[in-house]
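Dear colleague,

Please find below the structure that I am handing over to you. My notes on it follow directly after.

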Amino acid sequence: MLFLETIMHPVFFRKEKKVFWNNVKKNERFVSVFAELGSSNVIDEELFYTLKKVVCHIYGYQRFSSVDRVRKEMVMKNYEKYGKTLDFSTLPPSSSNLYLHAIRANCQHLQKSQPDKYEFS
């Protein structure tokens, strides 16, 4: 799960990993998106959309597909509840940052699956 390693934020460690993995295993779309990483040298729109859904799911916003909206909701919810902003390291990555994480994870998968073709020195 190289993709998840690239977006490891403190929230992932606070959540029960076993519960998360069981939920991911039940969702065929999520399983297929991880299998699809590294099968091509590009990240298409559908793959990236599903990766955003996975990240929203990790952060407890299953109905959302925009990580930027999740970021906003988390900040607003915390501000309304406690009157202060939260530690930004607990937020999911922005959509543009998540895209870079996805590219990195995809390249790592390509390198591991085809080491002769994608050898870096």
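I begin with Ile-103, which is partly exposed because its relative accessibility is 31%; the term covers values between buried, under 20% relative accessible area, and exposed, over 50%, with a 1.4 Å probe and protein chains only. Ile-103 belongs to helix α7, residues 95-113. Helices here are DSSP runs of H or I with at least four residues, numbered from the N terminus.

As to sources, this is a predicted model, in which local features need pLDDT of at least 70 and side-chain atom pairs count only at pLDDT 80 or more, while totals for chains, interfaces and linings use all residues. Residues are numbered from 1 along each chain as its sequence is written, and side-chain values use heavy atoms, with hydrogens and water left out.

Together with Tyr-99 and Leu-100, Ile-103 forms a nonpolar surface patch of about 260 Å² accessible area. The areas come from the Shrake-Rupley method with a 1.4 Å probe.

I turn next to helix α6. Its 16 residues reach 22 Å from the first C-alpha to the last, close to the 22 Å expected at 1.5 Å a residue; the expected span is 1.5 Å times one less than the number of residues. The buried residues of α6 are Val-67, Val-70, Met-74, Val-75 and Asn-78. Seen down the helix axis, they fall within an arc of 130 degrees, so they line one face of α6; the arc is taken from the directions from the axis to the C-beta atoms. Exposed Lys-72 and Glu-80 sit on the face turned away from that buried side. The cover over the buried residues includes α5 and α7.

Asn-78 has a relative accessible area of 15% and is therefore buried. Leaving aside residues up to four places away in sequence, Asn-78 touches Gly-83, Lys-84, Thr-85 and Leu-86, where contact means heavy atoms within 4.5 Å. Gly-83, which follows α6, has a positive phi near 75 degrees.

Finally, helix α5 spans residues 45-58. Because 11 of its 14 residues are buried, α5 is largely enclosed by the rest of the structure. Among the buried residues are Leu-47, Phe-48, Lys-52 and Lys-53. Gly-60 follows α5 and has a positive phi near 90 degrees.

With kind regards

Note on methods: Patch = residues over 30% accessible without salt bridge, like charges linked within 9 Å, V, L, I, M, F, W, Y side chains within 5 Å. Salt bridge = Lys/Arg side-chain N within 4 Å of Asp/Glu carboxyl O. Helix = DSSP H or I, 4+ residues; strand = E, 2+ residues; numbered from the N terminus.
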